[in-house]
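I opened the model today and kept notes as I went. The entries are in the order in which I looked things up.

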Amino acid sequence: MDSSQINSLKFSADPSLVEDIARQAPKAREGHYDELRGHSNALLPHWQLFFQELGPSGLSDLDQRTLELNRQVRDNGITYNVYADEFGPQRPWSVDLFPLIITPKSWQEIQSGILQRAKLLESIIKDVYGPQNLLKENLVPPALVYGHPGYLRSMYGANFDSRKHLHIIAFDLARTPEGKWSVLSQRTQAPSGLGYLLENRNLIARQFPKAYERMNIAPLASTYRDLIDALKQESPAGTNAHIALLTPGPYNETYFEHAYLARYLGLTLVEGGDLTVRDQRLYLKTVRGLAPVDILLKRVDDEFLDPLELRTDSTLGVPGLLQVIRAGNVVMANAPGSAFLESPALLGFLPGISERLLGEKIQLPAMDTWWCGERAALDSAIPNLRNSAIKPTYPNGDGHQTYESTLGLDLSQAHLDEWVGKITRQPDEHTVQTYIPLAKMPTWLNALNVNDPSLIEPRSYMLRVFALSDESGGWQVLPGGLARIASDDSGIASMQRGGSSADVWVQGNTTEPLLETHPHQEANKDHILRKRIVTSRAAENLYWFGRYTERSENILRLAKLYLENINSEYTPSHSLWVWLEHLCNQYGLVPEGVPSNFSQGDTRHRVFERTLINSLSMTENVTSVGFNLNAMKRTASTVRERLSIEQWSTINHCIEEFQQDCHKAIFNNDFSSTLAIDALKRASISLAAITGAQTDRMTRDDGWQLLSIGRHIERLSFLTTVLDSAIRMGLLYNPNTDSSGYTALLNLFDSTITFQAQHQQSREIAPLVSLLVLDDENPRSLAWVTKALRARLSKLAGTQRNNPDELTRSVSNPQEYDLYNLSCTDAFGNFMNLTNCLSAVSQSAWHVSDEISARYFNLIHKSDYSVQL
């Protein structure tokens, strides 16, 4: 859409808003290109259209949109962690309210240049790992290839046939003061941003739907589909190829993006330990055996990929993986050995290489770059050092220096002289690149709903765009990108330095809405119906996700019961008091050695109660509610690609609200039991939502079966322990006289309403045993839980219920016991039959737990681990 087309459209609001913004919004400082105005005082036509589509409210509701945007980021769990910490807080992703808008003419300049550069880089890497004509003809200094840690000699001569080395390339661009685009760097090893930019699009398009529609912004989804189709086309498995995404794990700074892309593209998210090599083929360890992997998208740096041939201390890779690649048995995006292409020094040699390999001049220039390892370049670089950026030629390692990129403008004369000395002594370690002030794009300053154009602040940015493989064997440029905004006037746009990001809107060339096209495809007769693969690691984490969810519910109910009883208008009986404190100690709700509230016959200090309240949200030294909620979150984070956004958001909200509520109970009201009980009630509601999501929002595959098995094993363990301890501590000795223990048991079994509906106010033992032990319609009874556990085990083993496997048969069935015998006492007043039943059920649950771990997680019983066909 050109300027005349934009001006011909009828704006939907009074153009005075545009005039106010043009008059009052600060201009970019001299020397910086102004994205809002260009080289004039008036707003550029595409920004005029954007602001006109804000509607009658103008700028006054932008603060509200910002709050909504930030809330959506939190709800979606979008994070970027510079230093990921298992127990530390995750840093929310930062995205600005305004998008960066690129006109069709400007995008054409970018697109044609990026397509050429992608083709060029693929030609370079094929030559370097093949005939090496560039090295023989001195078009590339050998030091920039052989001396670079990213050049892998073990990949020389690898069998790639007609396949590509590169499938995803990121280019960082800057806009010159004249408004032209220039390349600053390129990323080929494991470029990040494809997931974040897609999430940015979802967030910002939702905030400005009218502008997004009127401006005919190019969609993104088809480019991702084309990438997957291109990868499958290179694989012998074709459309049935199994694709996995290799991640360093949940503590990586961009793990959110890995999980997001895996979920969005339908890939299996794997870590190095999930994979193994057999007979030069790559396989995935699953609960059903070894599943072949045909295509691997990697988000792990090359040096960590294979501990046999690269870094021996790596736990992120797969032993033997490079041999699989050399044998041509897996398509890797991107192939190992491309990191030397990322050296800034190479940029200065690309124009000559392009003419040699492509017969074309470079269309999209890079900033003037000098590798100081050449004498002529060194002599040219030193006089320009003041107006340049000094960058390391090589990454850290293998004896090379490492330092942060430094701007000459920021250096005093003394420090500049020091750099001249360093560069002169070790010239090959340094690359000098001309510095240009980064262009500035408009950003919004949140200021409490003030309709003030001066709150539009220009900030420096860099643009990252992506070239992706297409089905034709060529390249396509994703019609969008990731704008990284500097946090200050340093001129460095980096997320690791606290910067922000922005969505990138590429306008179409027509005033008609841009719709994604879907070419007609014939049905594939050879298409295989696949079930979702469950890795052994994912299975184990799902199992513990279920256990920690159930455990959190159980101990939350226990803590709430204790606080309600101690603050009841009726003084709890001594036996109930001792029993509850025993359970609180057993399940770690308080640290060891805390004196009982009645230890000295004085309840005024209530040390046990205050300690329990203080420990509720703690994650160390106790295993109270906070500890288990965080353990639940950690296990969920490792299988995040399997969880809906709503489910993950609910988990985060549950923990955040519980911590805030406990903080109020501890500090604002001096260990208030009332506030603590309220905190537990709110957390209980959130846990009910989490449980509901587990039940109704997850596919019933092997992973879900194991999640459910984990919950049922944890429930059996808790309920049998609670009932057994109540019996042994005399809580049911004479319930008609003292019914407090009877009532407390019903509470912990979450069966009070059901009991009252069936047995009204009865306090006999037989009705209690019938409901809590033998009733197979009560989901909190032992009979129902064991029945459900057997059903899950049978489904997992693939056996019929009338012909169960050995593990399923090992689950003890309480219904094998007679109600009369379970309710009777022996000559000494002991419920021996009931305690024997509880012991059998508990032991069978732990036996199943051990066998599950051995069979599906540790693979102890699979010495002849089979390969799935």
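The notes below go from the whole chain to single helices, strands and loops.

**Entry 1: ground rules.** I am working with a predicted model, in which local features need pLDDT of at least 70, side-chain atom pairs count only at pLDDT 80 or more, and totals for chains, interfaces and linings use all residues. Residues are numbered from 1 along each chain as its sequence is written, and side-chain values use heavy atoms, with hydrogens and water left out.

**Entry 2: the whole chain.** I found 29 helices and 19 strands in the chain. Helices (H or I, at least four residues) and strands (E, at least two) are DSSP runs, numbered from the N terminus. Of the 869 residues, 57% are buried. Buried means under 20% relative accessible area, exposed over 50%, and partly exposed in between (1.4 Å probe, protein chains only). I then looked at contacts with a separation of 6 or more, and residues 24 or more positions apart account for 72% of them. Contact means heavy atoms within 4.5 Å.

**Entry 3: H10 and H11.** At what angle do helix H10 and helix H11 pack? I read about 85° between H10 (residues 221–234) and H11 (residues 255–265), with the axes 11 Å apart. That makes H10 roughly perpendicular to H11. Axes are lines fitted to C-alpha atoms, for helices over the stretch in contact, and angles run from 0 to 180 degrees between N-to-C directions. Angles under 35 degrees count as roughly parallel, over 145 as roughly antiparallel, 65 to 115 as roughly perpendicular and the rest as oblique. H10 brings Ala 221, Tyr 224 and Ile 228 to the contact, and H11 brings Leu 261, Tyr 264 and Leu 265. I sorted the residues of this contact into six nonpolar, no polar and no charged. Ala, Val, Leu, Ile, Met, Phe, Trp, Tyr, Cys and Pro count as nonpolar, Asp, Glu, Lys and Arg as charged, and the others, Gly among them, as polar.

**Entry 4: the sheet under H11.** H11 also lies across S4 and S5, and runs at about 150° to S5. I traced an open sheet of four strands in the order S5-S4-S9-S10, with parallel pairing. Two strands pair if DSSP finds at least two bridges between them. Strand S5 (268–270) and strand S10 (331–333) are the edges, each pairing on one side only. Neighbouring strands are turned by 25° against each other on average, direction ignored. Within the sheet, S4 (residues 243–246) and S9 (residues 295–298) pair over four bridges, and Ala 244 stands opposite Leu 296 in S9.

**Entry 5: two loops.** The peptide bond from Ala 333 to Asn 334 is cis, with omega near -5°. Asn 334 is in the loop between S10 and helix H13 (350–357). Asn 216, in the loop between helix H9 (209–214) and H10, has a positive phi of about 50° although it is not a glycine. Is Asn 216 buried or exposed? Asn 216 counts as buried, at 2% relative accessibility.

**Entry 6: Leu 643.** I found Leu 643 in the loop between helix H19 (625–637) and helix H20 (645–668). Leu 643 is buried, with a relative accessible area of 2%. Leaving out residues up to four places away in sequence, Leu 643 touches Arg 263, Phe 545, Ala 636, Trp 648 and Met 698. Ala 259 is 384 residues away along the chain, yet its C-alpha atom and that of Leu 643 are separated by 9.8 Å.

**Entry 7: S19.** All seven residues of strand S19 (residues 500–506) are buried. S1 (residues 100–102) runs parallel to S19 and is joined by three bridges, whereas S18 (residues 482–485) runs antiparallel to S19 and is joined by four.

**Entry 8: H23 and Asp 750.** The buried residues of helix H23 (residues 740–748) include Gly 741, Tyr 742 and Leu 745. I see them pack against several helices, among them H17 and H22. In the loop between H23 and H24, Asp 750 has a positive phi near 55°. Asp 750 is partly exposed, with a relative accessible area of 45%.
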